[in-house]
Amino acid sequence: MSEVEEIPFLDMRKLTAPYADELKAACERVIDSGRFLRGPETEAFEQELAQATGTQYAVAVSNGLDALRLMLRAAILTGELQRDDEVIVAGNTYVATVLAISDCRLMPVLVEPEPLTMNIDPAAIGRAVTPRTRAIMEVHLYGTPCLHSQIEQVAKKHNLLIFEDNAQAIGAAVGGKRTGSLGTAAAFSFYPTKNVGALGDAGAVTTDDPWIAGNVRALANYGSDRRYHNIYRGYNCRMDEMQAAMLAVKLGHMDEETRRRQKIAGIYLDNIKHRAVDLPALIPGTTQVWHQFVVRLLERDRLKKYLADHGVQTDIHYAVPPHRQPCYERCRLAGSHLPFTERLASEVLSLPIATVSEEQARRVADLINNWY
Ligand SMILES: *Cc1c(COP(=O)(O)O)cnc(C)c1O
C-alpha cells in the first residue's frame with residue numbers, strides 16, 4: 001500500500017498554485033493602496049460578479065452564511081417576507097441554508113429532493129405549501145441546477161418568491177440563465193473549497209432588485225445607508241479589499257476551472273461501470289459545474305474504506321441532514337418526515353474532483369470497477 005500514490009480528496013495548495021503569481025500581484029496592489037475595506041477592489045469584483053451572473057447588482061459580503069442571512073433580512077425589510085413565514089427548502093442541503101432561515105425567524109420547511117438532480121422535488125414543494133408559505137429556496141447542490149422551470153410553475157401557482165443558495169453552483173446555468181439570476185435574490189459563498197474560492201471567508205448576494213441590494217449593503221455595514229446614519233440595526237458583514245482582489249483573479253479563471261471539473265466528471269461518467277454504484281445524471285439543458293461528484297450506493301461505507309485502503313480519499317456531503325442535527329432537536333424541524341433524504345445521507349459518496357488529474361480520475365474509476 002505504501003507504494004501507491006495517494007490521491008487526496010482536495011489539495012488546497014494545488015487549487016491555488018496556478019494563480020499564485022496573479023494572486024501575489026493583486027495582494028501587493030492592495031497593500032500598496034492602503035485601502036482595505038469598501039474600496040475599488042470590492043467595487044470591481046461586485047461588477048464582475050454581477051456581469052458573470054447576469055444580474056443588475058452584486059453585493060460582496062463576509063461569507064456564504066451571512067449572504068443567506070442578509071438576503072433574507074433584506075427581503076424582510078422590503079416587506080416581501082415576514083417573521084414566521086415558511087420557506088421551503090430541500091432536506092439534503094448543507095445546514096447553513098437552514099441556519100440562515102431559522103436565524104431570520106422564518107420557518108424552514110424541509111422537503112424531499114428528487115433522484116435525478118438530487119435537488120428539491122418540485123412536486124414535493126406543491127404538497128408542502130400552506131397559507132403561511134412565502135418562499136422557496138433553490139439550493140443548487142453539488143453544482144447541479146435545480147429543476148427551475150418546474151419550480152417556477154409551482155411558485156407562480158402559489159404566489160411564492162424564489163431565493164437561491166448558489167454556494168455550490170457559481171457558473172452553472174439552466175434554461176440559458178446562470179444560477180444566481182433565477183429568483184428574487186441569490187447567496188454565494190467563496191469559502192476556499194468552493195468553485196470560486198477566496199483565501200479566507202467571503203460571500204455575496206446577487207439580485208435585480210435595487211431595494212434588496214441596497215438593504216443588503218446597508219445591513220452589512222452596521223445598517224448604515226450613509227456615514228454615521230443608521231437606518232437599520234445592522235451588522236458588520238463586509239468583504240475586505242484583499243479577498244475582493246483575490247476573488248477577481250479567481251473569477252477570471254472560473255470558466256477554465258469549470259471546464260476542468262467537467263472533464264474529470266466526464267471521465268468518471270464514461271469509465272465507472274460498477275453495478276452497485278449509481279452515477280450522477282447529466283441534466284439536459286443545464287450547465288453543471290461539478291462542485292462535487294457524488295455517487296450513490298447501498299454499501300457506501302465499504303466502498304469508502306476500500307478506496308481509502310488504496311490511497312484514495314473521499315468525502316460525504318452530507319452524512320447528517322439538518323433536521324437530524326442536535327441544534328434542531330427540540331424543534332418542529334426534527335419531526336420532518338424525510339425518508340429519501342435520510343437514505344441519501346447513508347448512500348452518497350463524493351469522489352475527488354477539484355484537484356485530480358485525468359490520469360488519477362481514470363485510476364479512481366478502475367479501482368471502483370475492480371471492487372468485488
Ligand atoms: C458553503 C455553503 C454555505 C455556507 O457558506 P460559508 O461561506 O461557508 O458560510 C451555504 N450553503 C451551501 C449549500 C454551501 O455549500
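Visitor: Which residue meets D103 in a salt bridge of 3.4 Å, N to O?
Guide: In this predicted model, local features need pLDDT of at least 70, side-chain atom pairs count only at pLDDT 80 or more, and totals for chains, interfaces and linings use all residues. Residues are numbered from 1 along each chain as its sequence is written, and side-chain values use heavy atoms, with hydrogens and water left out. A salt bridge requires a side-chain nitrogen of Lys or Arg within 4 Å of a carboxyl oxygen of Asp or Glu. At 3.4 Å from N to O, the partner of D103 is R73.

Visitor: How many residues apart are D103 and R73?
Guide: D103 belongs to helix α5 and R73 to helix α4; helices (H or I, at least four residues) and strands (E, at least two) are DSSP runs, numbered from the N terminus. The pair therefore links distant parts of the chain, and the separation is 30 residues.

Visitor: What is the relative accessible area of D103?
Guide: Buried means under 20% relative accessible area, exposed over 50%, and partly exposed in between (1.4 Å probe, protein chains only). R69 is partly exposed at 21%. D103 is also partly exposed, and its value is 34%.

Visitor: Where does R324, the partner of E342 in a salt bridge, lie?
Guide: The side chains of E342 and R324 meet at 3.0 Å, N to O. E342 is in helix α12 (residues 339-347), 18 residues away in sequence, so the pair ties together separate parts. R324 itself lies in the loop between α11 (300-309) and α12.

Visitor: How many salt bridges are found in the whole structure?
Guide: Side chains of opposite charge can pair when their charged atoms come close. The pair of E342 and R324 is one example. A search of the whole structure gives a total of 17.

Visitor: What arc do the buried residues of α13 cover around the axis?
Guide: The buried residues of α13 are Q360, A361, V364, A365, L367 and I368. The arc, taken from the directions from the helix axis to the C-beta atoms, puts them on the same side of α13, because they cover only 160 degrees.
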